[in-house]
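Visitor: Hi, could you walk me through this one? I'd like to start with the overall picture and then get into the helices.

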Amino acid sequence: MPGRSHGRGSIAPFDPNVFLAEAGSGKNLERFQKKQKIYVQGDPADTVCYLRKGRVKATVLSDHGREAIVGIHQTGQFFGEASLADARLRTATTVALEECLITFITKEAMLSTLNSEPAFSAFFVSRLLSRNTRLEEDLTDQLLNSSERRLARILLVLATSGQEADKPHALTFSQDELAEMVGATRSRVSTFMNRFREKGFISYDSHSGRIEVCTALLLSVLGL
């Protein structure tokens with residue numbers, strides 16, 4: 001997509017953030033509420049998604065009916081990029097963990113912009129590399145760490161990024177939702193949450209599900 005004209009033939013540099021914030025040919029902006037499905041495993045894979053606001057979980061359902069969380073996408077991340085390759089169907093179900101604003105880009109528009117705009121290509125690759133690093137850390141966490149450490153890491157991941165580490169970050173999740181993400185029973189999560197609260201790592205209202213995470217203190221659970 002060419003840059004924008006600002007009079008007398010001047011053209012502004014291509015800005016990926018502006019491109020992703022506007023609807024247009026091959027682009028559509030949609031809003032999703034908490035727990036709303038964005039797409040379902042087995043749906044046609046014909047768009048790439050860019051998460052402009054919110055958090056999204058990706059889950060996979062096995063042939064035996066067992067569901068597993070395979071990733072949590074955060075603001076500023078792409079997902080569903082397998083549609084750019086040979087994937088014809090979605091391999092996971094994505095669900096909004098909170099109110100989300102998502103830009104959907106068709107495969108054709110995405111490939112065209114990647115080919116014509118080097119700035120967008122660099123932006124796209126950098127976001128994918130960052131997300132893949134996180135996914136590798138998530139896999140290591142699931143394979144090697146205890147349930148308590150996994151819960152601590154999930155809370156840190158869900159805590160709003162880009163804020164000062166010594167300030168609490170507010171979240172709203174039930175113990176059932178956290179148990180699903182951690183891969184533990186609700187009773188185990190309840191035990192860990194109470195332990196974190198007693199140590200001052202979090203403040204937690206089990207009735208409303210509101211959690212305030214003290215990032216600097218919770219990092220001590222992970223030995224960081």
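This is a predicted model: local features need pLDDT of at least 70, side-chain atom pairs count only at pLDDT 80 or more; totals for chains, interfaces and linings use all residues.

Visitor: OK, how many helices and strands does the chain have?

Guide: There are 7 helices and 11 strands. Of the 224 residues in the chain, 42% are buried.

Visitor: And what share of the contacts joins residues at least 24 apart?

Guide: That would be 70%, counting contacts between residues at least 6 apart in sequence.

Visitor: Let's go to helix 4. Where is it, and how many residues does it have?

Guide: Helix 4 covers residues 147-158, so to speak a run of 12 residues. From first C-alpha to last it reaches 16 Å, close to the 16 Å expected at 1.5 Å a residue.

Visitor: Is helix 4 mostly covered or mostly open?

Guide: Mostly covered: 11 of its 12 residues are buried. Among them are the charged residues Glu 148, Arg 150 and Arg 153, along with Leu 151, Ile 154 and Leu 155.

Visitor: At what angle do helix 4 and helix 6 pack?

Guide: Helix 4 and helix 6 (residues 186-198) pack at about 65°, and their axes are 10 Å apart. Angles of 65 to 115 degrees count as roughly perpendicular, and therefore that is the label for this pair. Their crossing is right-handed.

Visitor: Which residues make that contact?

Guide: Helix 4 brings Ser 147, Glu 148, Leu 151, Ala 152 and Leu 155, while helix 6 brings Val 189, Phe 192, Met 193, Arg 195 and Phe 196. By type, the contact splits into 7 nonpolar, 1 polar and 2 charged residues.

Visitor: What about helix 4 and helix 5, how do they pack?

Guide: Helix 5 is residues 175-182, and it packs with helix 4 at an angle of about 110°, the axes being 9 Å apart. This pair is therefore roughly perpendicular as well, and helix 4 passes helix 5 in a right-handed crossing.

Visitor: Switching to loops: where does Lys 199 lie?

Guide: Lys 199 sits in the loop between helix 6 and strand 10 (202-205). Its relative accessibility is 53%, so Lys 199 counts as exposed. Lys 199 is 19 residues from Leu 218 in sequence, and their C-alphas are 9.4 Å apart in space.

Visitor: What is phi for Lys 35?

Guide: Phi of Lys 35 is near 75°, a positive value in a residue other than glycine. Lys 35 belongs to the loop between strand 1 (27-32) and strand 2 (37-39).

Visitor: Is Lys 35 buried or exposed?

Guide: Lys 35 counts as exposed because its relative accessibility is 61%, and the cut-off for exposed is over 50%.

Definitions and conventions. Residues are numbered from 1 along each chain as its sequence is written. Side-chain values use heavy atoms; hydrogens and water are left out. Helices (H or I, at least four residues) and strands (E, at least two) are DSSP runs, numbered from the N terminus. The expected span of a helix is 1.5 Å times one less than its number of residues. Buried means under 20% relative accessible area, exposed over 50%, partly exposed in between (1.4 Å probe, protein chains only). Axes are lines fitted to C-alpha atoms, for helices over the stretch in contact, and angles run from 0 to 180 degrees between N-to-C directions. Angles under 35 degrees count as roughly parallel, over 145 as roughly antiparallel, 65 to 115 as roughly perpendicular and the rest as oblique. A crossing is left-handed if the near helix is turned anticlockwise from the far one by less than a right angle, and right-handed if clockwise. Contact means heavy atoms within 4.5 Å.
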